[in-house]
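Subject: Structure for you to look at

Hi there,

Here is the structure I promised to pass on. Please open it alongside this message, and my notes on what turned up follow below.

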Amino acid sequence: MTVTLPDAGSAAFQTLDAAALLAALPDPVAHLTAGGQVTLNRAAQARMAQTGSGDWTALFQPGSVPTIQDAVQAALRGETRQVTVQVVDTVAPGLLTVASASGGALLHLHVARDPLEVALELMDGLGLGMTVQAPDTRILLVNDAATRILGLTREQLTGRDSMDPEWRAIHPDGTDFPGETHPSMQALRTLQVQREVPMGVYHPQEQDWRWLQVTAIPRRAPGATQAKQVTTVFADITEKQAMQTEMRRRERRYRSLVRATSQIVWDAFPDGDFQPPQADWEAFTGQSPAQYRGVGWLDALHPDDRAHTIADWQRAVRDGDLYSTEHRLRRADGQYVPMQVRAVPVTDERGQLVEWVGTHSDLSAIREAEQALRALNAELEGRVQQRTEDLARVTRFSTLLLTAAGEGIFGLDARGITTFANPAAARMLGYSIERMIGQPQHDLVHHHHEDGAPYPLADCPIHQTLLDGQTRRVERDVMWHAQGHAVPVAYVVTPTHDEQGQTSGAVVMVQDITERIRAQGQLQDLIEDLERSNQDLEQFAYVASHDLQEPLRTIGSYTELLARRYQGQLDPRADQYLHFMQDAVDRMRSLIQDLLGFARLSRADLTLTPTPLGDLMRSVQQNVQGTLDADGSSLTWDTPDQVMGQASLLTQLLTNLVSNGLKFHRPGETAHVQVTSRREGDMIHVQVRDNGIGIPPEYHARIFEIFQRLHRRETYAGNGMGLAICRKITEHHGGRIWLDSSPDQGSTFHLTLPAVPS
Ligand code: ADP
């Protein structure tokens with residue numbers, strides 16, 4: 001038959017019924033109109049039936065729906081889009097193409113294959129049976145190898161559970177292997193992988209037992225306490241068992257062979273006399289009856305062995321006991337052959353000794369046979385071992401492949417060709433596992449750098465590991481998704497080795513770090529935002545306080561004028577109001593000055609010179625002298641150190657702390673403030689200690705912010721700027737400020753300032 005392939009625009013296609021075409025497609029297709037009318041093809045209807053919902057969006061995970069709706073809107077505007085979607089009950093992502101079509105949107109869904117299906121096939125390729133069972137152990141999926149090994153068809157297997165009475169299974173010792181103890185049941189119950197459990201299963205066609213090595217892996221959703229499935233992988237090891245049986249059979253045969261060929265049987269009179277005829281003896285030694293008669297047989301022995309032989313023989317004859325010795329016996333051809341000799345006395349029914357029956361066994365033959373047997377055993381054992389190792393390797397590999405879920409894992413051979421990839425790797429990069437296997441990994445997913453520059457193979461760390469066998473960890477790189485975008489990744493490359501220790505390939509464990517990078521970026525943005533808003537705030541405080549000064553000055557002047565002119569001429573209440581106004585203007589002036597001072601403080605203007613703390617303390621004392629004189633409070637210091645700093649600012653800093661110490665004294669008590677310093681590494685640690693009212697711990701952080709005060713102004717004067725200024729001055733010097741205090745225990749303010757470099 002000839003097939004002509006018309007192009008899409010040809011007449012043949014135009015006359016085709018579009019509906020028939022869509023109906024025939026194996027992939028789900030839907031047509032949506034702008035008015036919300038939905039038409040589904042057969043494949044889509046079949047999927048819908050499974051969801052049990054009337055809404056076509058129920059086909060997708062809720063997280064995918066907004067993207068799809070966007071794409072539909074775009075299609076209604078005439079754009080075609082392809083989006084990756086997560087389909088309900090399917091692990092692998094789907095590719096949804098949304099195109100504009102006859103006044104609506106045409107949706108075509110291509111679902112990548114379930115990694116489980118891929119695993120089933122992979123196991124098949126390795127000759128391993130695999131089944132996937134539901135939590136009630138009903139078999140959901142089987143691969144071809146499983147049907148071969150178990151001798152049952154797919155239909156017979158599907159739906160059967162572990163408790164089915166049809167199963168006949170035994171342990172290696174022949175005892176019954178009941179369904180509730182099958183590895184799959186154990187795996188479901190314990191949520192633990194059951195590894196390499198030996199199990200005999202009856203093969204109905206061969207009417208014989210098949211020996212399996214069974215590994216069962218429970219699968220559960222992240223966070224779930226119960227398994228949602230169990231995957232069972234099994235290898236047929238009947239052949240291995242058969243080999244072991246064969247080995248035992250051969251051993252038995254060799255033994256009987258040896259017994260059959262290397263024996264000389266002879267007899268002797270009760271007194272030990274050796275008399276003809278001795279057919280075996282004659283045949284082996286070539287001695288004539290005349291030669292061996294009596295003790296003539298001794299001549300056929302190696303001269304060195306004659307003495308102990310005759311001694312042993314005479315002892316046995318005298319005691320009527322078992323005779324056993326070893327000697328070299330001359331064969332007819334003159335060759336000496338090592339022999340094991342045994343003889344037993346034969347008695348009649350009255351217990352009377354009637355004769356001796358003896359045997360010579362050729363030890364060389366036995367030894368040779370033993371050696372041959374040993375060699376044979378070693379060879380067979382080697383083969384069994386090899387096969388066992390192969391099986392174990394394959395099983396281990398597959399267990400790893402199935403269970404390592406989170407990270408993408410690639411196996412590469414020495415040339416960098418992908419030999420395996422796990423479902424996570426496929427998901428991360430948007431390729432199917434089959435598409436990646438057999439491909440050079442670098443060319444497929446690692447061909448360019450993040451900036452789009454080509455990535456030469458020679459520079460690739462994975463390639464370098466294949467060359468030098470060194471493990472490498474790469475914290476930041478990209479791999480390329482099937483849809484063309486870069487996936488930021490971190491990965492570890494570990495070399496694999498062959499028996500000779502040569503690098504035979506590598507395993508690459510890849511982590512998608514999109515989220516990590518996004519979080520880092522957000523943090524950085526946040527820090528920048530904060531810095532910006534801090535600057536803005538300071539700028540604002542500066543401008544505001546600067547501009548406030550002018551009107552305040554005016555209010556101040558006129559209030560003073562008013563007071564001077566009209567004091568005493570108005571009623572007493574007006575005088576009091578004037579007084580309040582003057583007071584408020586004074587407070588506002590000090591507040592604005594402090595604010596301005598605070599805003600003006602900037603790191604850039606700082607000039608640091610070596611400054612003795614003692615000098616600073618003398619200035620501080622002058623500043624607070626008024627307070628000291630007024631209420632008898634005291635200030636002492638012991639500050640031998642020098643700091644790197646700007647004297648004017650440090651004086652302000654210490655004055656603020658000392659005046660607070662003097663100010664916040666307990667009612668009825670005199671304040672004592674003590675300042676000390678000591679060097680700690682590169683910093684000078686200064687402490688300002690008072691015996692005042694103390695500060696509850698919950699306010700320790702807050703009091704360093706501007707305008708934060710813990711008391712009413714009537715109780716303790718102040719504007720809440722002092723400590724904010726202290727903190728800014730300290731931090732500009734590269735130091736830190738903090739405090740120890742609790743109510744009624746006094747307070748100690750600590751600060752660190754840079755020491756003068758020695
Ligand atoms: P203020 O101008 O009110 O003193 P500060 O910023 O210097 O402003 O201090 C903020 C608040 O911290 C004060 O109002 C006070 O409640 C508390 N405080 C500061 N120093 C001390 C101290 N030595 N003892 C007790 N409380 C203090």
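In this predicted model, the C-alpha centres of domain 3 and domain 4 are 36 Å apart. For orientation, the domain assignment of the protein places domain 3 at 405-602 and domain 4 at 604-754.

How do domain 3 and domain 4 meet? On the domain 3 side, 11 residues are in contact with 14 residues of domain 4. Together they bury about 1100 Å² between the two domains, and carbon and sulfur atoms give 65% of that area. As for specific polar links, 1 residue pair is found in polar contact across this interface, with both residues at pLDDT 80 or more. The salt bridge count there is 0.

Next, the annotations. An unreviewed UniProt entry places "domain: PAS" at residues 121-173 and 401-446. In the model, the span 121-173 is 30% helix and 21% strand, and its end C-alpha atoms lie 33 Å apart. UniProt also lists "domain: PAC", again from an unreviewed entry, at residues 323-375 and 472-525. Residues 472-525 come out as 57% strand and 22% helix, with 31 Å between the end C-alpha atoms.

Two details of the backbone may also interest you. Which form does the peptide bond from proline 276 to proline 277 take, cis or trans? The model has this bond as cis, with omega near -5°. You will find proline 277 in the loop that runs between strand S12 (263-268) and helix H10 (279-285). The other detail is threonine 137, a residue other than glycine with a positive phi, near 65°. Threonine 137 is also in a loop, here between strand S6 (129-133) and strand S7 (139-142).

Happy to go through any of this with you.

Best wishes

Terms used
Residues numbered from 1 in each chain as written. Predicted model: local features only at pLDDT ≥ 70, side-chain atom pairs only at ≥ 80, totals over all residues. Heavy atoms only, no water. UniProt positions renumbered as here; feature names shortened; annotations may be inferred. Helix = DSSP H or I, 4+ residues; strand = E, 2+ residues; numbered from the N terminus. Domains from an automatic or database assignment. Contact = heavy atoms within 4.5 Å. Buried area = accessible area lost by both parts, 1.4 Å probe. Salt bridge = Lys/Arg side-chain N within 4 Å of Asp/Glu carboxyl O. Polar contact = N/O pair within 3.5 Å; in protein donor to acceptor, adjacent residues only side chain to side chain.
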